[in-house]
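Dear colleague,

Please find the structure below, followed by my notes on what was found in it.

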Amino acid sequence: MKKMRAVIASLLACATIFSFAGCARVKLIDDEDVFFDALDNAVSIDEDETQHMKNTTFNGDKAEYIIVANDGDNTYTYVRFKKADDAMNYFEDAYDSFNDSVKDKDFEGSHSMSISKKSGSITFNGDIEKSSRVGTKYLSKDSEIFGGVYVNQNVYIEVYSIEGSKRDKEKISAFLKELGFPKP
């Protein structure tokens with residue numbers, strides 16, 4: 001009987017781990033139209049209300065496409081780099097910075113973090129101290145943050161609200177659901 005309980009407990013533990021791993025998967029959004037459609041469908045932001053550029057640079061790295069949309073306290077950023085390493089470097093910097101904020105107790109709230117060789121996600125819902133970083137944004141004051149940072153292959157995405165209302169957070173959640181990304 002004890003062996004049976006141990007086997008069942010092990011199976012349940014494995015199932016739990018796999019369910020968490022499955023939730024953290026980040027789909028590859030390698031077509032900018034998918035991002036534009038999600039903006040339109042989930043938060044009613046039209047393509048002409050965004051800043052977007054083809055074949056440019058993003059902080060010195062070659063990018064095939066960049067989209068930035070701001071809606072009050074919400075920011076939606078899509079960068080499709082030419083090289084997957086460039087996208088992963090940005091994500092690893094964001095991952096390390098946020099992880100440091102958590103370790104240093106500069107962040108209070110709920111969060112999840114996952115990283116693999118080609119993809120990763122960070123989700124957050126809480127308060128973070130000034131001089132901390134959320135994705136590529138440095139905060140000049142203590143702030144409430146909600147959203148996530150994601151990477152898959154050569155695509156880097158930031159979606160977050162800083163000091164956003166309940167409605168702002170609902171928009172972020174709806175947008176992430178539209179993309180099929182993990183939500184805070």
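In this predicted model, an open sheet of 7 strands runs in the order 1-2-3-9-8-5-4 with antiparallel pairing, where strands are DSSP runs of E with at least two residues, numbered from the N terminus, and two of them pair if DSSP finds at least two bridges between them. Because strand 1 (51-58) and strand 4 (107-115) stand at the edges with a single partner strand each, one side of each is left without a neighbour in the sheet. From one strand to the next the twist averages 10 degrees, angles being taken from 0 to 180 degrees between the N-to-C directions of axes fitted to C-alpha atoms, for helices over the stretch in contact.

Within the sheet, strand 8 (residues 143-152) and strand 9 (residues 155-162) pair in the antiparallel sense over 8 bridges, and Gly-148 stands opposite Val-159 in strand 9. Helix 3 (residues 84-103) packs on the sheet and touches strands including strand 2 (61-71), strand 3 (74-81) and strand 5 (119-128), while its direction makes about 145 degrees with that of strand 4; contact means heavy atoms within 4.5 Å.

For the protein chain as a whole, there are 4 helices and 9 strands, helices being DSSP runs of H or I with at least four residues. Of its 184 residues, 41% count as buried, that is, under 20% relative accessible area with a 1.4 Å probe, protein chains only.

Residues are numbered from 1 along each chain as its sequence is written. Local features need pLDDT of at least 70 and side-chain atom pairs count only at pLDDT 80 or more, whereas totals for chains, interfaces and linings use all residues, and side-chain values use heavy atoms, with hydrogens and water left out.

Best regards

Terms used: Buried < 20%, exposed > 50% of the residue type's maximum accessible area, 1.4 Å probe, protein only.
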